[in-house]
Amino acid sequence: MAYSPILTVHILGGSLGLLSGTAAMAFRKGSPRHVLAGRIFVVSMLTMGALAAYLAITRHQPNNIGGGILTVYLIGTAWLTARRRDGETSRFDWVALLIPLANGILSWMTGVKVLRSGHSSLDGVPVGMILFMGSVYLLAAAGDVRMLVRGGVAGAKRISRHLWRMCFGLFIAAGSFFFGGSNRPLRLLSSVGVGKYLSPALFSTTLYLILTLLPLILLIFWLVRVRFTKTYNRTGI
C-alpha cells in the first residue's frame, strides 16, 4: 500500500510518539532518560497532530481536524508548563485559551444537535465521544483560566498540569493508531511485509482497547502519586 509523503511522516510521527511517550512514562520523572524521551515525544506528537489537522482539512474530514488541533494544544501547553518556572505565564496563554474554549463549545453544540435530531452518531463518531471530547476541551480551558487568574501554577499542581496533558495527548494518539481505520496496525505492518508473520492475537480489538486505555490508567496513577505524596512537591519535572 502506497502512502503520500505527508501521510508517511504523520504515521511515523504518531508511531514514534507512542514509543517515546511510553518510555517517558516508564522512566523516573526528571531523569535524563525521561527528559530525552519527553523531547522526542513532544516533537513527534506536534508533527503528528499538525499533519493530522492538515490531512483532515485536505480530505474534508472535519471530525479529525479537532483531534489534530487538540493534540497540538495539549502537547504544546504541557511542554510550556515543564519549561517554565513556578508561577510563570505569558500573553500566549491567553491566546491558547481560545482553542479549547471554542472547540469545547462547538463540540457540545454539535453533540446536543445530534441528540435532538434523534441520531446516535455523526459521520460514524458516537455522540458520546463528541460530548466527551468537548468536556475535555472545556476542562482544559477551565485549567487555563484558573492558572491565569492565579498567576501561574507551582509545585505539584504544575507537574499535574504537565502530566495530564501529555498523557491525554498520548491517549489520543493511541486511539487514532489502534482504532483509526480498519485494523491500522495490521495494515501498516503488512505494508512492510511483517504482518503475515505475527499472531492474529496481536491484532485483536481487546488488545487494542487495553493499549488505548493504558495512557489514561497511567495518567490516574501518576496524578494520584503526584498530588497525594510529597515526592514531587519540591522537584522539577
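I take axes as lines fitted to C-alpha atoms, for helices over the stretch in contact, with angles running from 0 to 180 degrees between N-to-C directions. I take helices (H or I, at least four residues) and strands (E, at least two) from DSSP runs, numbered from the N terminus.

**Entry 1. Basis**

I worked from a predicted model, in which local features need pLDDT of at least 70 and side-chain atom pairs count only at pLDDT 80 or more, while totals for chains, interfaces and linings use all residues. I number residues from 1 along each chain as its sequence is written, and side-chain values use heavy atoms, with hydrogens and water left out.

**Entry 2. The chain as a whole**

I found eight helices and two strands in the protein chain. Read from the N terminus, their order is α-α-α-α-β-β-α-α-α-α. The radius of gyration (taken over C-alpha atoms) is 18 Å, close to the 18 Å that the globule rule gives for 237 residues, so the chain is as compact as a globular protein of that length. The globule rule is 2.2 Å times the number of residues to the power 0.38. I noted a C-alpha trace spanning about 50 × 45 × 30 Å along its principal axes.

I then looked up burial, where buried means under 20% relative accessible area, exposed over 50%, and partly exposed in between (1.4 Å probe, protein chains only). Buried residues account for 41% of the 237 residues. For contacts (heavy atoms within 4.5 Å) between residues at least 6 apart in sequence, 71% join residues at least 24 apart.

**Entry 3. Helix α3 and its partners**

I examined α3 (residues 62–83) against α5 (residues 127–149): the two pack at an angle of about 30°, and their axes are 12 Å apart. Angles under 35 degrees count as roughly parallel, over 145 as roughly antiparallel, 65 to 115 as roughly perpendicular and the rest as oblique. The pair α3 and α5 is therefore roughly parallel. Their crossing is left-handed, a term for a near helix turned anticlockwise from the far one by less than a right angle, with right-handed for clockwise. On the α3 side the contact is made by G66, G67, L70 and Y73, and on the α5 side by M133, Y137, A140 and D144. By class I recorded five nonpolar, two polar and one charged residues. Here Ala, Val, Leu, Ile, Met, Phe, Trp, Tyr, Cys and Pro count as nonpolar, Asp, Glu, Lys and Arg as charged, and the others, Gly among them, as polar.

I next turned to α3 and α4 (residues 91–116), whose axes come within 11 Å and cross at roughly 145°. This crossing is left-handed. I69, Y73 and L80 of α3 meet F92, A96, I99, P100 and N103 of α4, giving seven nonpolar, one polar and no charged residues.

**Entry 4. Helices α6 and α8**

I found α6 (residues 155–179) and α8 (residues 205–228) packed at an angle of about 180°, with axes 9 Å apart. The two are therefore roughly antiparallel. Their contact has 21 nonpolar, four polar and two charged residues.

**Entry 5. Two single residues**

I located M45 in helix α2 and found M45 buried, at a relative accessible area of 0%. Beyond neighbours within four places in sequence, M45 is in contact with G17, T71, I75, G169, L170 and A173. M45 and H10, 35 residues apart in sequence, lie 9.1 Å apart from C-alpha to C-alpha.

I placed K29 in the loop between α1 (5–26) and α2 (32–58). K29 is buried, with a relative accessible area of 10%. The C-alpha atoms of K29 and I159 are separated by 9.9 Å, although the residues are 130 apart along the chain.
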